Every structure is written in C-alpha cells, then in structure tokens.
Amino acid sequence: MKHYRADEIFSQVSVRPELETSHVLGFDMVNATTPDVVQALVAPGRRRVAFMNAHCMNVASRSEDYAHALHRSDLILPDGIGIEIASKVASAPLKENLNGTDLGPHLMRMAAEKGLRVYLLGGETGTAERAAQRLSTQFPDLQIAGTRDGFGGLVGAVEDINASGADILLVALGVPLQELWIDRHFEDLNVRLAMGVGALLDFWAGNVSRAPAFIREARMEWVWRLAMEPRRLAGRYLIGNVTFLARVAIAQMKQITLRDSAKRAMDFCLSLTALLLLAPIFLAITLAIRIESRGNPVFSQTRVGQNGRHFTIYKFRSMYADAEQRRKSLEAQSDRAGVCFKAKDDPRITRIGRFLRRYSIDELPQIFNVLLGNMSIVGPRPGLPSEVAAYSDHAKKRLGTKPGLTGLWQVSGRADIGFDQMIEMDLAYARSRSAMLDIMIIGLTLRAVLTGRGAY
C-alpha cells in the first residue's frame, strides 16, 4: 500500500469541484466556461470525469452499469449539439459545449504550466504513442508519464500507471468501456484526475481529422464525422440522434404538470382573444406614436425569462429612439431602490409615451409573447440581462417562474414598490400560484391600470 506524506493527503481525497450544474435528462451537467472547468480539473483533490453526448445518453438508457458509473463521476461535461438542445428544452441552457477535442488542448496547456504528468491509455496499437509525440511538440513543457494501447495494454495497466507517477490519466477506450474501467479501478489508481476521452487520442494522433472551422461553428461536426466514417457511425448518428431527440421530447412531456397545462391553456385562449379584440386599438396607437416621433412604433428588447433563458420582449415605444444610448447618463436619477432603473421625470419619455405608461398600454404587445409561450398572463416581470447579472442568489429564485404581464407587485403599487419587496412578492406568488390566484390578480390589474397608481 502506498503511504502519503501529510501534505499529500488532501490531494488524494476525492473532491467534487464547486461548479454550477444543470439537470438534463436525469444527469447533472457542468454549466461553466472552459477556463473555469480546466481550473477545476487541475485543482487539488482526486476526481473522475466523464463527457456526455447524445450517444452516451442513449447507451446510458440501455446500460444500468454505465449509468451508475456516470452518476458516480465527480463531473459530467456536456458534449455536442444534442445535449445543448436537450438543455434548452429543459429550460436549463448550458453556457458552453465542453467537448473533449476543444477542451483537451486547454487542459494539456494547464498541465504543462503546473508540471502535472499525463498518461495516455487507449486507442489502437501506436495511437497513444503518436498522440504523445504530437502533444510533446505542441506543448514542449508537457510531461508524458507513459502510454498504453487500449487492446492488449489493459492487463497490468493500473500498476504501470501508478509506477509512472502520473497525475492525469486520459482513457480512450470508447463508450461505455472507458467509464466502466475508470469506475472499476479508480480507488486503486493514484492519479488526481481520471477522464474518459473517447476518440480524442485518434484526433491527436492524426488518425481522424477534425471538421473545418465553419462546420464546427455551425455545430455540425457530427455530419463531418459521419461522412468520414459512414459505416461505423451511421447507426450512432442517424438512428441514434432520432432516438435521442425522441427521448428529449418524451422527458419534456413528462415534466408538464396538469397545473402547467391549465395555465398555458388559459394564457393561449386569453392572449388570442385579446389580440383579436384589440387589433383596431393597436393600429391607432401605432399611428399616434409614429406621428409624434420618428422610429419603429414597436420597441423590442432582450429580457431574461424562466430559468435564465433570454427572449425578445415587445412593447409600444414610449421613449424617443435614442433612449437606450441616454440611459447610462440618467441611472443616478432612479426613483426605485435596487438594480431596476425607474425615474418619474425621465426626459426620454414622449408625450404619448407618458399616457401609454400611466395606463400600462405600452405593455400590450407582450400579449404576443404570451401567445408564443415566452411569457404568461400572470408572473414576475422579466428583467434586463444587466439587471439579472446584479441579482443576489435569493433574487435569482424569481427566475424559476415564467415571467408575466402582471403580478402581485403590479397590483400593489407597481413602480412605487422597492426592488427587495418586489422580489419577495414574486417568490410568494411562485409558492402559492393557482388558477384562482391568477384570476384574482387579473381582476386587480384592471383596477390598478384604471387608477394609474405607481405607473411612470
């Protein structure tokens, strides 16, 4: 048994890095940028890491052992457009595609800087050696602890890896064998990081060429790989991708509750009816805005919706066309405490705009957002990305509910309500929402609009 010095003990303890995650199809995926992930991979402690793409998800649905190995991993990194689509459908969008081919060079550069020794295990005979040679050329300071192929080289591999003094072990045995091998032998290995990397050594060795940059940017590298190896990859990419997307759709349907379905049905019916009835008023307002000031009568803006998803919101323009450019110079005049800017005497507001704002008529085009499903009739107001970036962790909880045209704070004083109080009202609504509460808020909204209280 190996004995560690006191200063080595912490580095041998399995540590799950503190990285944000998103729950996608039953797995917690890392939701972070490449620099943050690389720093976490080389941080003190021991960890096993797996990549997850659409093919991996399909295999996990059939293999209980593989699924358990993934769940026991310290980090699961999202790989490919399939997982990206699944995360968006689940309203848990991921910050970055963390595929091994792009992440690998960053990890090797960091390993070279920190003096960490790397061991390459897997691939056909000679693949690991060629990959090591190319890495040594690309990163002259990188220390290669050893290499073994993935066929006859598994016997005695654990002993050889430990004897090499490797800190980082990259295992390229294919899915699910590489994750199962790491899961089975991790406790016997002395490495700090064990990571399954699929075909990464083939790329590094030059056995497989990457797609041109424009294809990678279009997120269509899988098409390139299919064209390069049609016989081997046809089942995975053609049948597998359809199977995966079907799994995503089924999982999403299971998440829809009866209450959510009823709320969406009410939103759809009310918004469609309102648009039909208000069409002549929309036309009159459009003409009035255009007569007073130049510019598009309808103002569009990016807002943050449920679970942090960005979408485009629509409003009747109540300000002059250069309002966004003038905002920064006026932020000190805000009449509302907190991160949301609001000023009673905002000089950017037009005359017709003041009337529209007083009676909340400027918000009417958001009925289109309700019809599209970006918003609900009742819910927290969607914030600007700059405002959401300044939210505390407590305030971010309001993003768990679909934003709405109206809500508790709108019927309680609107802009006269402070930011902190608004947050508490939004969270209270999220805890207590029901069809009856929505109907009550809609009724109270009509009274608030007619009185104009807190609107400016």
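**Cross-links and charged pairs**

Modeller: In this predicted model, the structure holds zero disulfides. Cys56 is buried, with a relative accessibility of 3%, whereas Cys269 is partly exposed at 48%.

Turning to the charged pairs, a search of the whole structure finds 14 salt bridges, and one of them joins Lys95 to Glu20, with the closest N and O atoms 3.2 Å apart. Lys95 sits in the loop between helix 4 and helix 5, while Glu20 belongs to the segment before strand 1, so this pair ties together parts that are 75 residues apart in sequence. Lys95 is exposed, with a relative accessible area of 53%, and Glu20 is partly exposed at 43%.

Another salt bridge links Asp183 with Arg72, where the closest N and O atoms are 2.8 Å apart. Because Asp183 lies in helix 8 and Arg72 in helix 3, the pair ties together parts that are 111 residues apart in sequence. Here Asp183 is buried, at 19% relative accessible area, which falls under the 20% cut-off, while Arg72 is partly exposed at 41%.

A further pair is Arg381 and Glu363, whose side chains meet at 3.0 Å, N to O. Arg381 lies in the loop between strand 11 and helix 17, and Glu363 in the loop between helix 15 and helix 16, so the pair ties together parts that are 18 residues apart in sequence. Both Arg381 and Glu363 are buried, and they belong to a network of salt bridges that also includes Lys315 and Asp362.

Key. Residues numbered from 1 in each chain as written. Predicted model: local features only at pLDDT ≥ 70, side-chain atom pairs only at ≥ 80, totals over all residues. Heavy atoms only, no water. Disulfide = S-S within 2.5 Å. Buried < 20%, exposed > 50% of the residue type's maximum accessible area, 1.4 Å probe, protein only. Salt bridge = Lys/Arg side-chain N within 4 Å of Asp/Glu carboxyl O. Helix = DSSP H or I, 4+ residues; strand = E, 2+ residues; numbered from the N terminus.
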